[in-house]
Amino acid sequence: MLSIKHLRKQFGSVKALDDVSFDVPDNQITGLIGQNGSGKSTTFHSILNFLKYDGEIRWNGQPIKEADFDSIGYLPEERSLMPKLTIEQQIIYLARLKSKPAKEIRPQIDGWLEKFAVKGKKTDKIKDLSKGNQQKVQLIVTLIHHPRLIILDEPFSGLDPVNADLLKKAILEARDQGAAIIFSSHDMANVEAVCDRLVMLRTGDVVLNGTISEVRDQFGKSEIYVTTDWTEDQLKQLPHVIKVQNIRGNRFLLQIDDPSKGPEVFEKLTDGKYIEEFSQQPPTLDEIFRMKAGIQHE
Amino acid sequence: MNKTLIVAMETYLGQVKSWSFIMLVLSPFILLAISLGIGYTSATSSSDQQRIAVVSEQPALRQRFIKANRDDVKASVTSAAAAQKSVDNNNLSGYLVLSADKAKVTGVYHSSDSLSGGMKVKINAFLAQTQQQLNLANAQLSSKQVKSLAVQPAFQEKIKASHGGANLAKIISFWVLVFMIYMVLITYSSVTAQEIASEKGTKVMEIIFSSTKASKYFVGKILGVFGVILTQIVVYIVGGYGFFQIAMHLDNIKQLITDNQSLVNGVIKNMLGINLLFVFLGVIIYTIISAFSGALVAKAEDAPKAAQPAIYLSMIAFFLTMPFQSNSDALISRILSYVPFFSSYFMPMRIINDNASGMEIGLSLLILVASIGLLTWYIGQIYEGLILQTDDTSFWKRLRRGLSYQK
């Protein structure tokens, strides 16, 4: 388990991280979310010892030392590899730096290229690959040595839905093999689909921390999705409804002032008759993100 | 394998497998081969035109001349008619008709041009020697008289060791050495600085630094470049020796080298040994400083100008040696022969001029090696900060930010 306690980092007069504490347990995927400049990359750089920081970062109870580097898989935010090398040379070189001998890695390369549907031969130069394929090779490099701690900075950025699914599958597979995984993302749908836990940073502070359901439930089930013949104006007249949003056709999202009043709204709306959809839910992660980031809900 | 060595191997193989390195190493040999080839071809193609034929009714006399002047005679032409035809066709310079009776040896040269001075001397020497033998035979001298007539005058040359060839050897050694250091430095300063600068701020460096310590990576990188430099020096030494052996088969060059044997030996002696070590260590310390300046560029795109600080420093050292070439014992020269970055130029200069003691050489080497060690250690410590930060600000701000990145 990765444990971060009271992490602080200041660049000149700018406070990048302020008393950040959270855990990344084994066998779980933790999503680190936050706006640009909220401190996500600084957190990753601190874990990787690229920076000197105040506070405590421990891996399995011990400070992270050079010997632990071999069990870390790191995917940086922007993609970059060594353009003059072939796919095979690149994978082997970086795997050897993780103390994996070439003879152990070489036979696995074809399998990984197939798994990520990389278009090209392993003898192709990195510079000759498309951007998407370079990204996949970088993911292979991050995972091929079977790390116990996986740090992924914006792993889904630039991936189309098909490739994003391949990545999700690989992340879930690594989790099932016992790895502790932390990744940052702006795409809340991906976070919700993959993560067990969530940490949100805002200007260096932790504003959310817990499992996905814990985080969502903190906000109460203040949203009701309904599919009905009622008009928007009629819905606005319902008790406790403070906002009505037409999603599509006759599907609406109602916001209520008190989650406990859901049954009352249901009674009024259905009047004991059939209704196609009535679903009371907490806000989505996307809405929570916008709320917490201080951006007005559209 | 140790991660430092993995980085060193990767750097080394990446460099030596590149076309630029192959061309860098091979170009002097290609140029040498071309010039030797041209020399050889022109020598062989023009040789017939410069040679003469020898015709004689006395085969023994003709054979003796050919044996004494093999390179100058086209032996396949045996008759005056054939020789005249070759001369007319411009395939021969001329032909010599030799004849001898009991009292006199005669040589008549036929050509449209006058004889070259060298050839005339050779023909005269042959005729004089043959005539002498004939005279001795005709005089019917006793063996004692023959012996006494055979006594030759004695001529000896005594040249003091510190003058002449030895001085010339020093001057040649000095220029060859400083140019060698300068050229190797310029090449590897650029190669190293660009190699490091091209990695500046790239995310692959973050992946690498999440696998090994930046200091180990830096040392590996430098070791890789040392390997490349060493490879080039070894190729030059082995290739140079090979070319020397080939050149020794060419009569003109063999003659030139034999005539200047002591000069050649002096230059080779000055080039090898401790001076070569100074060259190698000099290149290393400049390589390290180039790597440092490479790490200080604002971004990877600025790689081409990354080597400038190291190149300027080596230019200063290079031009500073000029005034001291014939005055290497001057105080400034003595001081600079201990100062890293300058000692690689100044100490070999003092060694060539025989004014540095073993202790002084040892001390200079020790300072140089210690500086290399300290510099490598220090840059290794700050390397991560220098490489990972990518502020596009002024040089000094970048340096300060890089130094404080880890604080």
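**View 1. Contacts of Arg202(A).** Arg202(A) touches Gly34(A), Ser38(A), Val207(A), Lys292(A) and Ala293(A), leaving aside residues up to four places away in sequence. Two residues are in contact if their C-beta atoms, placed from the backbone, lie within 7 Å. The model is predicted: local features need pLDDT of at least 70, side-chain atom pairs count only at pLDDT 80 or more, and totals for chains, interfaces and linings use all residues. Residues are numbered from 1 along each chain as its sequence is written, while chains are lettered from A and ligands numbered from 1 in the order in which they are written. Arg202(A) lies in strand E9 (residues 197-202) of chain A. Helices (H or I, at least four residues) and strands (E, at least two) are DSSP runs, numbered from the N terminus. Gly294(A) is 92 residues from Arg202(A) along the chain, yet their C-alpha atoms are separated by 9.4 Å. Is Arg202(A) buried, exposed or partly exposed? Arg202(A) counts as partly exposed because it has 18 C-beta neighbours inside 10 Å. A residue is buried if 20 or more other C-beta atoms lie within 10 Å of its own, exposed if 12 or fewer, and partly exposed in between, with C-beta atoms placed from the backbone.

View 2. Asp19(A) is not a glycine, but its phi is positive, about 55 degrees. Asp19(A) is found in strand E2 (residues 14-24) of chain A. With 13 other C-beta atoms within 10 Å, Asp19(A) is partly exposed. Asn49(A), also not a glycine, has a positive phi of about 65 degrees. Asn49(A) sits in the loop between helix H1 (40-47) and strand E4 (54-59) of chain A. Asn49(A) has 21 C-beta neighbours inside 10 Å and so counts as buried.

**View 3. Helices H2(A) and H5(A).** The axes of helix H2 (residues 87-96) and helix H5 (residues 131-143) of chain A come within 9 Å and cross at roughly 30 degrees. Axes are lines fitted to C-alpha atoms, for helices over the stretch in contact, and angles run from 0 to 180 degrees between N-to-C directions. H2(A) and H5(A) are therefore roughly parallel to each other; the term covers angles under 35 degrees. Ile87(A), Gln90(A), Ile91(A) and Leu94(A) in H2(A) meet Val137(A), Ile140(A) and Val141(A) in H5(A). By class, these residues are six nonpolar, one polar and no charged. Ala, Val, Leu, Ile, Met, Phe, Trp, Tyr, Cys and Pro count as nonpolar, Asp, Glu, Lys and Arg as charged, and the others, Gly among them, as polar.

**View 4. Nonpolar cores.** The largest nonpolar core has 132 residues. Such a core is a set of buried Ala, Val, Leu, Ile, Met, Phe, Trp, Tyr and Cys residues joined through C-beta atoms within 7 Å. Ile91(A), Ile151(A) and Ile181(A) have the most contacts inside the largest core. Helix H12 (residues 274-295) of chain B gives the largest share of this core, 12 residues. A second, separate core has 15 residues, including Val55(B) and Phe65(B).

**View 5. Where chain B touches chain A.** In all, 19 residues of chain B are in contact with 21 residues of chain A. On the chain B side, helix H1 (3-16), helix H8 (203-209) and helix H16 (358-388) each supply at least two residues. H8(B) gives the largest share, six residues. This side of chain B has six nonpolar, six polar and seven charged residues.

Notes:
Angles under 35 degrees count as roughly parallel, over 145 as roughly antiparallel, 65 to 115 as roughly perpendicular and the rest as oblique.
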